Amino acid sequence: MTKTGKKNAVKTTAQKIYIGLIFLFLYAPILTLILLSFNASRVRTKWGGFSFKWYVSLFGNREIMQALWNTLFIAFVASLAAAVIGTAACIAVNRMTRKKRAVVMGITNIPMLNADIVTGISLMLLFISFGFKFGLGTILLSHITFCIPYVMLCVMPRIRQVDASVYEAAMDLGASPLRAFFKVVFPDILPGVLSGYLMAFTMSLDDFIITHFTKGAGVDTLSTKIYTEVKKGIKPEMYALSTIIFLTVLLLLFLVNRPPKEKIDKQNI
Amino acid sequence: MKKELIHLLDISKSFDGELVLDELDLSIHENEFLTLLGPSGCGKTTTLRILGGFVTPDKGRVVFDGQDITTLPPNKRQLNTVFQKYALFTHMNIAENIAFGLKIKNKSQSYIEDKIKYALKLVNLEGYEKRMPDSLSGGQQQRIAIARAIVNEPKVLLLDEPLGALDLKLRQDMQYELIRLKNELGITFIYVTHDQEEALTMSDTIVVMNQGYIQQIGTPETIYNEPENAFVADFIGDSNIIDALMIEDKLVSILGMKFACVDTGFGKNKPVDVVIRPEDVELVEPGDGTIQGVVSHLIFKGVHYEMEVMANGFEWLVHSTQMFPVGTNVGIRVNPFNIQIMNKPESEDEEAAAIEE
Amino acid sequence: MKNKKRTGQLLSAPYLVWAAIFILVPLGMVFYYGLTDKTGAFTIANVAAIMGAEHAKALWLSIGLSVVSTLICFLLAYPLAMILANMNVNQHSFIVLVFILPMWMNFLLRTLAWQTLLEKNGVLNQILGFFHLPPLNLINTPAAIILGMVYNFLPFMVLPIYNALVKIDPSVVNAARDLGANGIQTFLKITFPLTIPGIISGITMVFVPALTTFVISKLLGGSKILLIGNVIEEEFTQAGNWHLGSGLSIVLMIFIIFNMVISAIFDKNGEGSML
């Protein structure tokens with residue numbers, strides 16, 4: 001017994017070290033960026049002491065603030081539009097015959113499975129050929145396009161789970177189809193829609209490649225702004241901004257996840 | 001008495017500080033169909049998992065054929081399990097599923113093929129070798145799970161609520177099938193269920209469990225006819241369980257009326273529980289009964305009528321082939337042999353015997 | 001019935017139109033440009049250009065680096081997914097979050113941060129120096145690109161494998177043990193085969209972006225290392241030869257389609273999904 005106990009202890013320690021190393025690998029660059037945001041030196045290779053000055057100058061930097069605004073606006077609108085179109089599509093696709101559904105889902109998954117660079121250039125060719133004016137609009141259309149599959153990925157399993165008889169029962173009890181949907185079906189799939197929305201938002205926010213090919217001159221998101229700065233050197237304000245965004249998300253997640261944790265603690269006591 | 005095959009010695013087990021088994025002691029014999037019966041959370045599945053080697057007890061020993069196997073891993077035990085939800089390997093076809101244990105033991109190809117044929121014949125699924133588990137019905141999957149276990153020629157087959165997911169008709173068919181299988185194989189079956197009817201139909205021995213304690217061990221007849229406490233009486237079949245007073249040997253006061261009975265040795269003026277099966281309550285002319293009452297409910301059940309009779313503040317459940325309309329005044333009579341007297345719980349472990357309200 | 005059908009059409013119409021305009025037509029354009037020359041005449045020269053020494057070199061390098069990083073991702077991810085799946089964390093979403101969380105810090109910045117960590121006087125070499133170990137010259141090498149790929153795409157390998165693992169019914173594993181298999185046999189014959197859909201999906205999700213990236217190579221590989229992604233990107237943004245760029249993209253898509261077909265064969269029921 002003690003022998004196996006010891007073996008288990010070694011095993012769990014090894015597992016913990018392994019997880020620790022992987023997370024160090026995943027989060028080391030993030031820690032680096034957070035540290036750089038407090039670096040008084042403008043050069044990233046030199047530590048010039050602790051400073052908040054980039055956080056102050058960030059808000060005076062109109063270019064960065066404009067890029068931030070563009071990024072958030074695009075992410076918000078694109079994921080919202082994707083959530084609406086994607087959810088409606090899920091409901092419709094779910095009613096289709098097997099064959100039809102396979103074809104539509106196959107097409108849907110193209111932007112997710114295809115290389116971003118190909119999606120980017122294909123949209124760029126489309127916009128050029130049909131005379132679209134490159135700018136926020138083209139970025140938005142592109143983002144909606146690649147966000148929809150993520151929404152459908154999250155909503156589809158939920159829709160399949162919804163018991164068709166629940167919907168029929170609601171209509172049997174006198175609800176109109178629309179009312180039956182919003183009262184009975186929608187609450188069931190809402191978690192899927194929300195996680196799809198969140199996923200789409202994240203993907204839109206983090207996208208560089210597709211934006212790179214579909215943006216117009218003079219319109220920048222944070223990603224494309226950073227890309228153009230790579231050669232000249234990244235403005236430290238960028239580190240400050242991304243630190244703010246990251247910590248805000250972390251805080252939000254912490255707040256959302258806190259209540260169940262407290263319960264567990266109480267139970268342990 | 002047959003030879004003892006397995007002995008569980010004072011087994012205790014807790015999960016997260018909650019005691020699931022408390023010093024359980026049980027002996028299982030060769031070629032026995034033993035059923036662990038009880039409500040969910042009674043410890044029956046944990047007992048089975050300890051036998052299978054999936055759970056190590058905190059205290060106590062498992063002795064198998066004279067050998068202590070308490071800490072032996074499942075793959076080294078001479079028993080096989082049929083799991084609740086079949087647990088077939090979905091990425092293998094039926095033949096590969098059945099061959100799994102034999103391949104591990106490096107049996108020859110021809111031996112394996114013979115065994116697959118034999119096992120499929122035994123469970124009436126000949127010709128299913130190349131099918132995938134997903135393409136089979138629940139009942140068929142369950143048969144394959146049994147076939148997969150028995151080809152390894154275990155001395156004991158553990159069955160964890162194997163019929164739970166099947167519909168009623170299929171369940172009844174499978175009950176007969178299991179009895180047949182057990183007789184053909186001549187090995188010990190340890191069967192876990194919460195279904196009392198299943199237990200009564202198939203078992204040689206029933207172990208009734210509640211809250212980690214064994215309530216009663218006996219043949220189906222003993223368990224049904226002579227429950228040792230109110231829990232067993234309540235759990236097995238329908239019954240009238242009434243607070244009563246043992247006046248003296250062979251005389252008990254039920255609801256203020258004196259009934260003759262056959263039990264002795266309870267002492268004088270001692271509070272007891274009395275169990276009377278609904279089919280043992282005889283309804284007679286009001287003057288002829290020991291107690292008078294009024295029929296309050298009546299339902300036709302097919303083989304009999306189910307009635308409720310209000311008498312002296314207690315609602316008696318009665319099964320009878322004779323019908324008395326609601327409102328009829330009736331007398332109640334009980335044959336002394338059909339009155340089962342039980343001690344009220346006294347010690348802590350007997351409290352588990354109480355009926356949960 | 002008729003009414004039901006109309007609602008279905010009403011619901012699917014916006015999406016079907018959208019998918020046609022923004023998914024199918026653009027792909028058609030890539031094929032159109034890739035298979036024509038500037039005069040609009042049909043040619044396979046743009047696709048055949050992949051045989052040219054420089055393009056072939058870039059393609060082979062891309063394939064090499066992406067195969068290696070996919071392999072490393074798999075080797076790192078499988079044990080990790082197993083540990084996570086065994087941890088009994090019933091907060092499935094928490095695990096997913098931990099891997100998606102880094103995406104909230106910009107992908108380019110995160111990759112750039114590796115410059116700081118890897119360069120000559122970077123953090124990694126300072127740590128190595130502290131332990132009196134020889135410094136590693138990683139930045140602007142293919143190794144740095146592999147590291148960047150592994151770093152960026154590791155979550156895409158972990159999540160599908162993790163999901164495949166948690167979906168395995170514990171009683172199936174118990175059944176294998178019960179039938180006499182030891183721990184290793186159970187893993188090889190039961191656990192691993194049951195996670196193959198997850199593995200295939202993970203491989204697809206790492207291999208495709210790794211094969212086609214131009215950003216990671218640009219940020220961590222310096223200007224000398226050209227991957228096929230860099231070549232295509234330059235054709236569109238600098239050289240302005242869309243026909244050639246499209247032709248090379250078609251070559252890329254052949255690889256991607258091949259990859260998708262394989263994953264479709266192994267993952268018929270969509271079991272290897274990320275969520």
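In chain A, helix α6(A) is followed by Gly131(A), whose phi is positive, near 65°. The structure is a predicted model, in which local features need pLDDT of at least 70, side-chain atom pairs count only at pLDDT 80 or more, and totals for chains, interfaces and linings use all residues. Residues are numbered from 1 along each chain as its sequence is written, while chains are lettered from A and ligands numbered from 1 in the order in which they are written. Helices (H or I, at least four residues) and strands (E, at least two) are DSSP runs, numbered from the N terminus.

Helix α6(A) covers residues 116-129 and has 14 residues. From its first C-alpha to its last, α6(A) reaches 20 Å, close to the 20 Å expected at 1.5 Å a residue; the expected span is 1.5 Å times one less than the number of residues. Burial was assigned from C-beta atoms placed from the backbone: a residue is buried if 20 or more other C-beta atoms lie within 10 Å of its own, exposed if 12 or fewer, and partly exposed in between. Because 12 of its 14 residues are buried, α6(A) is largely enclosed by the rest of the structure. The buried residues of α6(A) include Asp116(A), Thr119(A), Gly120(A) and Ser122(A), together with Ile117(A), Val118(A), Ile121(A), Leu123(A), Met124(A), Leu125(A), Leu126(A) and Phe127(A).

Chain C has 12 helices and zero strands. The C-alpha atoms of chain C fill a box of roughly 75 × 70 × 35 Å, taken along the principal axes. Of the 275 residues of chain C, 47% count as buried. Contacts were defined by C-beta atoms, placed from the backbone, that lie within 7 Å of each other. Among contacts in chain C between residues at least 6 apart in sequence, 75% join residues at least 24 apart.

Chain C touches both other chains. Towards chain A, 59 residues of chain C are in contact with 60 residues of chain A. Elements of chain C that each supply at least two residues to this side are α1 (2-34), α3 (53-86), α4 (92-100), α5 (107-118), α9, α10 (215-220), α11 (228-239) and α12 (242-266). The largest share, 17 residues, comes from α1(C). By class, the side of chain C that touches chain A has 45 nonpolar, 12 polar and two charged residues. In this classification Ala, Val, Leu, Ile, Met, Phe, Trp, Tyr, Cys and Pro count as nonpolar, Asp, Glu, Lys and Arg as charged, and the others, Gly among them, as polar.

Towards chain B, 15 residues of chain C are in contact with 18 residues of chain B. Two or more residues of this side are given by α8 (170-178) and by α9 (183-212) of chain C. Helix α8(C) gives the most, with six residues. The side of chain C that touches chain B divides into seven nonpolar, five polar and three charged residues.

Chain B is divided into domain 1 (4-225) and domain 2 (238-345), with bounds that come from an automatic or database domain assignment. The centres of the two domains, taken over C-alpha atoms, are separated by 39 Å.

Strand pairing in chain B was assigned where DSSP finds at least two bridges between two strands. Strands β1 (residues 4-15) and β2 (residues 18-29) of chain B run antiparallel and are joined by eight bridges, with Phe15(B) bridged to Glu18(B) in β2(B). These strands form a hairpin with two residues between them, and Asp16(B) in the turn has a positive phi of about 50°.

Strand β11 (residues 240-248) of chain B is joined to β14 (residues 270-276) of chain B by seven bridges in an antiparallel arrangement; Asn240(B) has Ile276(B) as its bridge partner in β14(B). Strand β11(B) also pairs in the antiparallel sense with β12 (residues 251-254) of chain B, over four bridges, and Ala244(B) is partnered by Ile254(B) in β12(B). The hairpin of β11(B) and β12(B) has two residues between the strands, and Lys250(B) takes a positive phi near 65° there.

Five strands of chain B form an open sheet in the order β15-β19-β16-β17-β18, with antiparallel pairing. Strands β15 (281-284) and β18 (314-320) of chain B stand at the edges, each with a single partner strand, so one side of each is left without a neighbour in the sheet. Within this sheet, β16 (residues 291-300) and β17 (residues 305-311) of chain B run antiparallel and are joined by six bridges, and the bridge partner of Ile299(B) in β17(B) is Glu306(B).

Notes
Two residues are in contact if their C-beta atoms, placed from the backbone, lie within 7 Å.
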